[in-house]
Amino acid sequence: MCIGIPMRAVAGNDFVAHCERHGRISSISLMLVGPQPPGTYLLTHLGSAIRVLDADEARAIDNALAGLAEAVEGRAFEALFADLTSREPELPPHLRSE
């Protein structure tokens, strides 16, 4: 399984961004997404940015990762999945019979 980690660019150049997550700074390649200004949220995997995120999507991914960690530890995690638990499940459009 591959897991993408959301990070926020704080500085960098056309090819590498210095990105922050939970107080740690990492150098992230921008070769797949192009230059990004400070403040941009990026989905990262193995030292490379693979997609630009908006703040809401970055927060949802962070919550999901925190929820998984809480579940593994046997703690309550439902509040971290509020976007899912507050609605009825839906099939993706390609699986719906219209």
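Let me begin with a term: a polar contact is a pair of N or O atoms within 3.5 Å, where within protein one atom must be able to donate a hydrogen and the other to accept it, and where residues adjacent in sequence count only if both atoms are side-chain atoms. What we have here is a predicted model, in which local features need pLDDT of at least 70 and side-chain atom pairs count only at pLDDT 80 or more, while totals for chains, interfaces and linings use all residues. Residues are numbered from 1 along each chain as its sequence is written, and side-chain values use heavy atoms, with hydrogens and water left out.

With that term in hand, please look at S29, where a polar atom of the side chain lies 3.3 Å from the backbone nitrogen of M31. S29 belongs to strand β3, residues 24–29; strands (E, at least two residues) and helices (H or I, at least four) are DSSP runs, numbered from the N terminus. If we set aside the neighbours within four places in sequence, S29 is in contact, meaning heavy atoms within 4.5 Å, with F15, G47, S48 and A49.

Let me turn to strand pairing, which requires that DSSP finds at least two bridges between two strands. Strand β1, residues 5–12, pairs with strand β4, residues 41–45, in the antiparallel sense over four bridges, and within this pairing the bridge partner of I5 in β4 is T44. β4 also pairs in the antiparallel sense with strand β5, residues 48–53, over five bridges, and here L43 stands opposite R51 in β5. The hairpin of β4 and β5 has two residues between the strands, and in this hairpin L46 takes a positive phi near 50°.

Now to the cysteines: how many disulfides does a search of the whole structure find? The search finds zero, where a disulfide is taken as a pair of cysteine sulfur atoms within 2.5 Å. For C2 the reason is distance, because the closest cysteine sulfur, in C19, is 19 Å away, too far for a bond.

Finally, consider A79, which is found in the loop between α1 (55–72) and α2 (82–85). A79 counts as exposed, with a relative accessibility of 71%, and its C-alpha atom is separated by 20 Å from that of E90, eleven residues apart along the chain.

Methods. Buried < 20%, exposed > 50% of the residue type's maximum accessible area, 1.4 Å probe, protein only.
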